[in-house]
Amino acid sequence: MRVLVLNGPNLQRLGTRQPDVYGTTTLADVARTLSEQAPEGVRVELRQTDDEATLIGWLHEAVDTGSPVILNPAAFTHYSYALHDAVVIVTETGLPLIEVHISNPHARDEFRHVSVVSPVATGVIAGLGTAGYGLALAWIVERSGTDR
Ligand code: DQA
């Protein structure tokens, strides 16, 4: 099984971007930790883009390849109906898609209180730092061993 870990705009700057909010862990650190965590037979592929169309293309790819998704949509979370529609295309196939946020958007600016992704995601993890990615992976791995 391959798990796609997809990250939206500005997340390439993790490590130096607002460390008081996002911590000092880089996206490369996250990729390494997830690969170490993944059991045999599970391959983790972490990607980042600032481009909405690219992110949507990757979600279509997830459907075509049957890959569960961990998605941090970053600021697209709050306004991209195109991303919302692409997430529906993933989850309506039965593939899990976990929305992850490093910070807790509900404890921040008002515009971050709305997620257009959450209503169509399988689940949401927010505010637990970069550990949220690992928790999402653990759930996906556990679920893949059951017939739920
Ligand atoms: C974020 C939260 C979003 O509001 C913000 O735009 C991001 C990162 C998070 O991981 O906490 O870029 O998705």
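Which residues point one way from β4, and which the other way? I began my notebook with this question, keeping in mind that the model is predicted.

**Entry 1: strand β4.** I looked along the strand and found that Leu 97, Glu 99 and His 101 point one way, while Ile 98 and Val 100 point the other way. I then checked burial, and β4 turned out to be mostly covered, with 5 of its 5 residues buried. Tracing the chain from β3 to β4, I passed through helix α4 (residues 81-91), and I noted that this β-α-β crossover is right-handed.

**Entry 2: the partners of β4.** On the side of β3 (residues 69-72), I found 3 bridges to β4 (residues 97-101), and the two strands run parallel. Val 69 stands opposite Leu 97, and Ile 70 stands opposite Ile 98. With β5, strand β4 pairs over 4 bridges, also in the parallel sense, and here I noted Gly 123 of β5 as the bridge partner of Ile 98.

**Entry 3: the whole sheet.** I wrote down the order of the 5 strands as β2-β1-β3-β4-β5, which form an open sheet with parallel pairing. The edge strands are β2 and β5 (123-126), each of which pairs on one side only. From one strand to the next, the twist averages 20°. Helix α3 (residues 52-65) packs on this sheet, where I found it touching β1, β2, β3 and β4, and its direction makes about 170° with that of β1.

**Entry 4: helix α2.** In this helix (residues 27-37) I listed Leu 27, Val 30 and Leu 34 as buried. Seen down the axis of α2, the buried residues fall within an arc of 50°, so they line one face of the helix. I recalled the reason for such a pattern: an α-helix has 3.6 residues a turn, so residues three or four places apart point the same way. Among the elements that cover these buried residues are β1 (2-7), β2 (43-48) and α5 (131-144).

**Entry 5: Arg 2.** The side chain of Arg 2 makes a polar contact of 3.0 Å with the side chain of Thr 65, and another of 3.3 Å with that of Ser 67. Leaving aside neighbours within four places in sequence, I found Arg 2 in contact with residues including Arg 43, Glu 45, Arg 47 and Glu 61.

Methods: Residues are numbered from 1 along each chain as its sequence is written. This is a predicted model: local features need pLDDT of at least 70, side-chain atom pairs count only at pLDDT 80 or more; totals for chains, interfaces and linings use all residues. Side-chain values use heavy atoms; hydrogens and water are left out. Buried means under 20% relative accessible area, exposed over 50%, partly exposed in between (1.4 Å probe, protein chains only). The arc is that of the directions from the helix axis to the C-beta atoms. Contact means heavy atoms within 4.5 Å. Two strands pair if DSSP finds at least two bridges between them. Axes are lines fitted to C-alpha atoms, for helices over the stretch in contact, and angles run from 0 to 180 degrees between N-to-C directions. A polar contact is a pair of N or O atoms within 3.5 Å; within protein, one must be able to donate a hydrogen and the other to accept it, and residues adjacent in sequence count only if both atoms are side-chain atoms. A crossover is right-handed if, with the strands pointing away from the viewer, the path from the first strand over the helix to the second runs clockwise.
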